[in-house]
Amino acid sequence: MKFGKEFSSQMVPEWQQAYMDYGSLQKCLKDIIEFKLGQPADAPTHGGANNHHGGGLHRRMSLYKTFSGLLSIQGRQRRGHFHDVEEGLQMTASTGPIVVERNAEGRYETTFLMVNEKGGEYELMFFRRLDEEFNKVSKFYEEEVEKVLKEEKELNKQMEALIAFRAKVENPEGSGWHLKERGVEFTRLSSTIATSAAAIYASSPAGAKSKEVGSQAHMETVEEGESSRGGQLKEDEEAEDNNGAKEQPDEVNKNRTRAARPAPLDILDGMRINNTIETPRSTFRGILKVSKSTELKYSRENLKKAELKLMKAFSVFYQKLRLLKSYSFLNVKAVSKILKKYDKITLRDATKPYMKMVDSSYLGSSDDVVRLMEHVEATFIKHFANANRTKGMNILRPKAKRERHRLTFSTGFSAGCIFSLIVALGAIIRTRNLLQEEGQKQYMDTMFPLYSLFGFIVLHIIMFAANIYYWRRYKVNYAFIFGFKEGTELGYRQVLLVGFSIGVLALLCVLANLDMEVDPVTKHYEAFTELLPLILLLGIFAVLIMPFNFFYRSNRIFFLTCLFHCIAAPLYKVTLPDFFLGDQLTSQVQALRSIEFYICYYGWGDFTHRKNTCNESGAYKGFFFIVAVIPYVSRLLQCLRRLFEEKNPEQGWNGLKYFLTIVAICLRTAYSIQKGQIAWRILAAISSAAAAIFCTYWDFIHDWGLLNPTSKNPWLRNELLIPQKKVYFIAMILNVLLRFAWIQTVMDFNFSFMHRQTMVAVVASLEIIRRGIWNFFRLENEHLNNVGKYRAFKSVPLPFSYDKGEDKDD
């Protein structure tokens, strides 16, 4: 794989804009190549260089084989004052084509010494672009390291509080030699944390200098699983530490005071446990403005909750550090690669002086991230893994899932089974001439609605699998957006396997139940085959709620949790997975009505005679309305909750969209029950048109972020993941056409070759397909919003908080 593709594939998706623009640098090199290819063969390519071949482009072996920043070079001093760096660069550049300096604003600038040569302006543009990209990367990296250093201080406080809390729980009386032992252990930990914090602060951008790692061997990318440890310390390590400590005496003294605290358990004074779990009780308390209890209860239950929260906080913090380490590694490697290409094209030697500047910069020389990683590993292993390093590292670095061949085989096999069963079904219907049998109409009115439910489910699963495939292809970080635990998200093959398995079972039941004639003696259909749809539905439900760690248990729990939050919409804080699932349910109205038919048919109908009185039942007709509007009411309540919590008027307009849809569905349903009444027909048409127009506008403007007339991509948006712009226009046209599929229910289109139930199933399937298209662009827009804000991590609630005005560092 070429480095450009490797570089792109290993980027943090939300930080794409903060990486080196490797493509633009390659374009600059192509301009240089095109200029040189246009020169006469006897024209010198550059002055001052030994070109034994008389011109042209020739590849030559470079003596600078060692990738700077990865392998140790004996005697290299990577950290120091920037004045020393500039002096070293000027000495090196005296024999090279460039001089790299740092201006008063802290930005690096390269002076190209051979700009007067032919084509020199192209090389000058290359170095200007390179400086611009390097300064962007270095600034972003420095800012992110500053953030994690501040976060590390807060985690240290939380860790101190947790250990003190453990001591209190293990010895509630607060006296005795057990507590003294824990106090000694706590004081030691505080001292260790303080020392580590002082060393890390001394190496931060706000500090003067830090100890440096002389060897940073084999820095891993995001996908790698081995731990990367710090390198060897320099001989003058102790002197540098002393210098750094002198420049921040207040910070070190503060840490020493914390370490020498006589009563370490006093840290619990003025502290309370954060209760961030949203429950109906907390919602009602918030509405009634009931004050929360601030008393700290020393119980094992609270200790367990605090440990779980802090474990999660440490895990997320460690992932940040890994990504920052990979970010630094990839960008330094990109600079080295592009400079080597430049040297090969121009036969110059610009790599050495420029890479010396890179190695001396904060991006190339700082070891803050490595030190923090080691500190987190040591703390996590000791206090959350019982000093078991393997166990602790498995939690901090979960292994990436590997695609198994049996998964691919099973998916393909089930797809082949579906195709074969569909062919067999069509052949049986045609050879037996079943569509002309007397029981055909009865079959379509009873059995077809039962089996169509599985068709809706399978189609929706297939569309979601297609979404996952294209999200991965265009690097939409759907696992982060949905909040899946790392390593538990399903790939498109796994989702397809679930859908195809349901499809195979449903088709087998259809073939076993494809009987249009009653028994001539008993006048009954066979009871077992008539119960097959119900057995299959109950089986799917049983697997879904099965508590055993089998068949994607974490994903089933995640789905059921989101489903419960949708049902109890106003009582839980609304998150993206909750309202995303709510939107999926709005496209499954016909499936919900099929479930209602299951209850009526098998509960009160005579299924052995394929007879029921559902359509004549007033209760059934009433629930026909209720079931259809349940998903939209859920979304309306979610919008209202967000409106009151976030005070965002946009949520009010979004709720109005669902209210209009509820009105339209009720009027269309009323017209479908009372055919022939012009008043219902007109009201249904007007309300449906208004709802469809408003929903279409909301899809394009708010959910997809399109139709922006001032964007650089006319009538789309500034940032697009799909390079073919026509795809977006095609998607918008399809969305409009599929949105207006409801016209069939009002205009009463009749096709002689299609049964009424078949038409209903087709319209419902079109809505599911529209929802699948909507899913991709909705998450694409969400992903681009995260990219614009460099939001690669979700905020993690910490277990403890201090009362206002308390300063625990003093």
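User: In the hairpin of β1 and β2, which residue takes a positive phi?

Analyst: Gly106 takes a positive phi near 85 degrees, in a hairpin that has 5 residues between its strands. Before we go on, please keep in mind that this is a predicted model, in which local features need pLDDT of at least 70 and side-chain atom pairs count only at pLDDT 80 or more, while totals for chains, interfaces and linings use all residues. Residues are numbered from 1 along each chain as its sequence is written, and side-chain values use heavy atoms, with hydrogens and water left out.

User: How many bridges join strand β1 to strand β2?

Analyst: Two strands pair if DSSP finds at least two bridges between them; here 5 bridges join β1 (residues 98-102) to β2 (residues 108-112), and the two strands run antiparallel.

User: Which residues make up the covered face of β2, and which the uncovered one?

Analyst: In a regular strand the side chains alternate between the two faces of the sheet. In β2, Tyr108, Thr110 and Phe112 form the covered face, whereas Glu109 and Thr111 form the uncovered one.

User: How many helices and strands does the protein chain have?

Analyst: The protein chain has 27 helices and 4 strands, where helices (H or I, at least four residues) and strands (E, at least two) are DSSP runs numbered from the N terminus. Of the 810 residues in the chain, 47% are buried, a word that means under 20% relative accessible area, with exposed meaning over 50% and partly exposed what lies in between (1.4 Å probe, protein chains only).

User: Among contacts between residues at least 6 apart in sequence, what percentage join residues at least 24 apart?

Analyst: Contact means heavy atoms within 4.5 Å, and among the contacts between residues at least 6 apart in sequence, 76% join residues at least 24 apart.

User: At what angle do helix α21 and helix α22 pack?

Analyst: Axes are lines fitted to C-alpha atoms, for helices over the stretch in contact, and angles run from 0 to 180 degrees between N-to-C directions. Helix α21 (residues 589-604) and helix α22 (residues 618-646) pack at about 145 degrees, with their axes 9 Å apart. Val589, Leu592, Arg593, Glu596, Phe597 and Cys600 come from α21, and they meet Tyr620, Phe623, Phe624, Val627, Ala628, Pro631 and Tyr632 in α22. The residues of this contact divide into 11 nonpolar, no polar and 2 charged, where Ala, Val, Leu, Ile, Met, Phe, Trp, Tyr, Cys and Pro count as nonpolar, Asp, Glu, Lys and Arg as charged, and the others, Gly among them, as polar.

User: Is Glu780 buried or exposed?

Analyst: Relative accessible area is the value to read here, and Glu780 counts as buried because that value is 0%. Glu780 lies in helix α27 (residues 756-788), and, not counting residues up to four places away in sequence, Glu780 touches Val476, Arg717, Leu720, Leu721, Ile722 and Tyr728.

User: Where is the place of Gln651?

Analyst: Gln651 has its place in helix α23, and with a relative accessible area of 7% Gln651 is buried. Leaving aside neighbours within four places in sequence, Gln651 is in contact with Cys639, Arg642, Leu643 and Glu646. Ile673 also belongs to helix α23 (residues 649-673), but Ile673 counts as partly exposed, at 33% relative accessibility. Apart from residues up to four places away in sequence, Ile673 touches Lys621 and Phe625. The C-alpha atoms of Ile673 and Phe624 are separated by 9.9 Å, although these residues are 49 residues apart along the chain.

User: What is the phi of Asn386, which is not a glycine?

Analyst: Asn386 has a positive phi of about 55 degrees, and this residue is found in the loop between α12 (368-384) and α13 (389-396). At 69% relative accessibility, Asn386 counts as exposed. Tyr552, another residue other than glycine, has a positive phi near 60 degrees, and its place is in the loop between α18 (527-545) and α19 (553-567). Tyr552 is partly exposed, with a relative accessible area of 24%.
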